[in-house]
Amino acid sequence: MTHTAPGSNPVAALRHDLRTPVNHIVGYAEMLLEDLTGPEHAARRAALEETLKAARDALNAISLVLAPTKDAVEPSELSGLYHRLEDPQHRIVEAVHALLAAANEVPTPSFAEDLKKIEDAAQRLVPRDRAAVTGEVRAVAAFAAGVARVLVVDDEAGNRDLLGRRLQREGYAVITAGGGHEALALIAKNPVDVVLLDVMMPDLDGLAVLERLKADPATHDVPVIMISALDDLSAIARCIQAGALDYLPKPFEPVILRARLAASLAEKRARDQERDLVKALGAVTAAAAAVEAGAYQAGALAEVAQRPDAIGRLARVVDRMATQVGEREARLRSRVTELREAIGVARQTHDYVVESVSDRLKAGEVLAGRYAIEAVVGRGGMGTVYRARDSELNETVAVKTLMPELVADEELRERFKDEIRLARRITHRNVVRMHDFGEANGVWYLTMEFVEGLTCRDLLDARGPLAVPAALAIATQLAESLIVAHEVGVIHRDIKPQNLLLDHAGVLKVMDFGVARLAERTAGHTQAGLIVGTPAYMSPEQLTGEEVDARSDLYSAGVVLYELLTGQLPCDAPTVMALFARVLGETPPRPATLQPAIPPALDELIMQLLAKRAADRVAGAGALLERLQALV
Amino acid sequence: MLRILLVEDNELNRDMLSRRLQRKGFEVAMALDGRQGVDMAKAGGYDLILMDMSLPEIDGWEATRQLRAAPETATVPIIALTAHAMAGDRDKAIEAGCNDYDTKPIELERLLGKMQALLGGGA
């Protein structure tokens with residue numbers, strides 16, 4: 001009876017299987033020699049010594065091809081080994097036959113019995129069944145080629161042997177274990193693709209082994225097929241509940257065995273693939289998060305990017321984008337630095353607004369029992385802006401009072417509230433956050449985030465035209481604010497330097513989103529000729545009272561950028577009517593003709609923003625941002 | 001007479017080795033697998049254990065560990081017998097608590113030398 005030793009691979013098992021009969025031959029031959037001491041046994045001694053010599057030749061051949069350090073062997077080497085073993089096998093069998101047939105020395109029954117054992121062992125050295133040899137060779141090749149590895153766990157050596165051989169013939173690499181503990185130890189060292197697990201085992205039964213495999217994350221996904229007698233259905237049910245994929249009834253039906261193994265392996269492959277995908281996706285997600293946090297390391301996705309599938313493609317795109325974002329950010333930083341310097345100069349010459357009799361509120365006054373007015377910070381078409389202390393939230397806010405005619409009746413106030421509600425949906429670092437709309441002692445007011453800084457108007461008045469990088473720093477942030485506003489359906493309608501606040505760090509804050517619309521609507525209600533918005537910054541369609549969309553804000557942005565760079569308006573005129581005519585009919589001079597430092601691409605971009613027809617402008621704020629970022 | 005416990009699952013190996021040892025004057029008891037080997041050894045009375053490593057139930061390494069952990073068998077000499085199928089078997093056997101190690105095919109004189117060394121020359 002051969003016992004297939006447990007091993008990590010079929011090479012070890014084969015080594016064991018081949019050495020065992022040789023060991024038997026050597027052992028019995030030596031033992032028999034010990035008894036043959038007298039000179040009359042010379043012939044027998046010679047035959048047994050020839051047997052020993054042949055056995056040692058076999059051992060050498062085995063050790064050469066299946067050295068203990070090897071765990072893979074070429075099929076051709078294995079075929080060669082079997083071929084080489086044929087000679088010692090033949091010599092041993094011949095020696096045994098000679099001993100049994102010796103006429104002068106009739107062997108005792110015990111002597112003959114031991115000789116028979118030697119002969120049997122010699123016969124096992126080379127499988128008589130050539131198909132079995134082919135099966136072994138194929139199993140070894142399969143292992144070397146990374147073909148599916150099956151662990152057979154059964155305490156009955158016969159079952160193990162039968163199943164193992166069958167699977168080897170099917171081309172699987174087979175590992176066997178004679179008990180539960182052994183199986184767990186083997187799996188811990190050698191990953192397998194599927195486990196065939198006997199339910200009834202003395203040391204650690206199939207259910208216990210299964211539970212341990214399922215509890216260990218490293219082996220959780222390995223499919224397990226239970227082996228059991230059909231009358232043990234309740235045990236099978238328990239195993240399936242514990243995570244077994246399937247079961248195989250004894251006696252084995254080769255067709256069923258083949259089908260179940262194939263199905264389990266297909267499932268294992270799918271799971272492995274899924275886990276692999278999740279891992280790759282995780283790497284891409286982590287990289288995207290790193291990009292956002294500014295911590296992306298170039299090449300971090302190199303491995304995933306090599307995949308030929310969609311995730312590989314995604315990784316390549318993320319890597320490319322991250323690299324571009326890095327470059328763009330560096331560009332933006334240098335632009336903001338220039339902007340900051342410009343702001344620094346402007347602040348020194350900036351006049352603070354002084355109080356006027358037209359202001360509704362005075363410093364020291366408390367509005368609505370909550371806002372302590374501190375100073376006037378600006379005046380516009382709709383009212384006065386104050387800096388105030390919100391005693392409830394204990395923070396500085398801006399309070400904007402509204403001219404009474406803007407909020408004359410309930411319907412207007414409701415519309416205004418709607419606009420504010422909409423504008424409040426915009427949350428972005430480049431947008432002044434809107435807080436509240438209310439009334440106290442007949443004064444209607446808006447409260448909003450207070451920005452310590454100055455407007456682009458102040459900057460232009462103090463400094464004149466800006467250098468290209470500083471103007472681009474403003475335009476880039478303006479484009480970003482427009483992207484989020486347009487996304488939630490809010491059109492500013494009054495983009496102009498007065499509405500663009502800059503804090504001391506160079507961060508742009510756009511104010512009055514949604515407010516212009518109110519003034520527009522109120523125009524019909526109040527005195528004729530009230531000019532809503534500032535005509536020089538208004539798009540042709542807005543001036544003519546047509547329906548406007550996001551592209552109107554892009555026109556205004558173009559005017560602002562033009563003015564920031566050249567210090568001049570693209571269309572200017574002493575009267576409103578003359579301005580109308582120019583805005584509607586005249587192409588302004590290219591900004592580069594006024595400011596030669598403007599690069600051609602920027603010059604072209606500004607002219608496109610100022611197109612008379614909305615359809616001829618840059619497609620949207622997102623496209624504008626991309627064009628600005630791409631400028632070197 | 002010195003009593004040897006031979007733990008070996010292979011019938012031919014068992015037959016051959018036990019007979020050769022008996023001829024040399026040892027009393028040989030046999031266990032067919034690791035579990036039986038541990039049970040028999042714990043029951044006591046053996047001067048030395050010859051332990052095959054590739055055994056069903058529990059293998060020779062585990063059986064040796066169990067014997068070393070039990071006070072009644074902690075000091076009984078154990079010689080591991082391996083088929084030399086795997087590299088590293090020797091270290092594993094010593095690590096598990098075997099006193100010595102021999103590979104198959106067994107060369108009786110060599111094995112007897114190792115046994116004598118452990119038994120203090122008292123065979």
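What share of the 123 residues of chain B count as buried? The figure is 50%. A residue is buried if 20 or more other C-beta atoms lie within 10 Å of its own, exposed if 12 or fewer, and partly exposed in between, with C-beta atoms placed from the backbone.

This is a predicted model: local features need pLDDT of at least 70, side-chain atom pairs count only at pLDDT 80 or more, and totals for chains, interfaces and linings use all residues. Residues are numbered from 1 along each chain as its sequence is written, while chains are lettered from A and ligands numbered from 1 in the order in which they are written.

**Chain B**

Chain B has 5 helices and 5 strands. Helices (H or I, at least four residues) and strands (E, at least two) are DSSP runs, numbered from the N terminus. Read from the N terminus, the order in chain B is β-α-β-α-β-α-β-α-β-α. Take the contacts in chain B between residues at least 6 apart in sequence: 57% of them join residues at least 24 apart. Two residues are in contact if their C-beta atoms, placed from the backbone, lie within 7 Å.

A cis peptide bond links Lys104(B) to Pro105(B), with omega about 5 degrees. Pro105(B) sits in the loop between β5 (100-103) and α5 (108-119) of chain B.

**Two helix pairs**

Two packed helices are described by the angle between their axes and the distance between the axes. Here axes are lines fitted to C-alpha atoms, for helices over the stretch in contact, and angles run from 0 to 180 degrees between N-to-C directions.

| Helix pair | Angle | Axis distance |
|---|---|---|
| α7 (180-189) and α8 (206-215) of chain A | about 20 degrees | 9 Å |
| α3 (60-69) and α4 (89-96) of chain B | about 20 degrees | 8 Å |

The angle makes α7(A) roughly parallel to α8(A). Angles under 35 degrees count as roughly parallel, over 145 as roughly antiparallel, 65 to 115 as roughly perpendicular and the rest as oblique. The crossing of α7(A) and α8(A) is right-handed. A crossing is left-handed if the near helix is turned anticlockwise from the far one by less than a right angle, and right-handed if clockwise. From α7(A), Gly180(A), Ala183(A) and Leu184(A) meet Ala208(A), Val209(A) and Arg212(A) of α8(A). By class, the contact of α7(A) with α8(A) has 4 nonpolar residues, 1 polar and 1 charged. Ala, Val, Leu, Ile, Met, Phe, Trp, Tyr, Cys and Pro count as nonpolar, Asp, Glu, Lys and Arg as charged, and the others, Gly among them, as polar.

In chain B, α3(B) and α4(B) are likewise roughly parallel to each other. They cross in a right-handed sense. Trp61(B), Thr64(B) and Arg65(B) of α3(B) make the contact with Lys92(B), Ala93(B) and Ala96(B) of α4(B). The contact of α3(B) with α4(B) divides into 3 nonpolar, 1 polar and 2 charged residues.

**Where the chains meet**

In all, 29 residues of chain A are in contact with 25 residues of chain B. On the chain A side, α1 (10-35) and α7 are the elements that give two or more residues. The largest share, 13 residues, comes from α1(A). This side of chain A holds 11 nonpolar, 11 polar and 7 charged residues.

**Cores**

In soluble globular proteins, nonpolar side chains tend to be buried together. A nonpolar core is a set of buried Ala, Val, Leu, Ile, Met, Phe, Trp, Tyr and Cys residues joined through C-beta atoms within 7 Å. The largest one has 81 residues, and those touching the most other members include Val399(A), Ala471(A), Ala475(A) and Leu561(A). Beyond its neighbours within four places in sequence, Ala475(A) is in contact with Ala557(A), Leu561(A) and Leu628(A). A second, separate core of 68 residues includes Val26(A), Leu6(B), Ala41(B) and Ile79(B).

Ile227(A) lies in strand β4 (224-229) of chain A. It counts as buried, with 24 C-beta neighbours inside 10 Å. Setting aside neighbours within four places in sequence, its contacts include Asp154(A), Leu196(A), Val199(A) and Lys250(A).

Asn394(A) has phi near 50 degrees, a positive value in a residue other than glycine. Its place is the loop between β8 (384-390) and β9 (395-401) of chain A. Asn394(A) is exposed, with 7 other C-beta atoms within 10 Å.

Asp512(A) also has a positive phi, about 70 degrees, though not a glycine. The loop between β14 (508-510) and α16 (515-523) of chain A holds Asp512(A). With 25 other C-beta atoms within 10 Å, Asp512(A) is buried.
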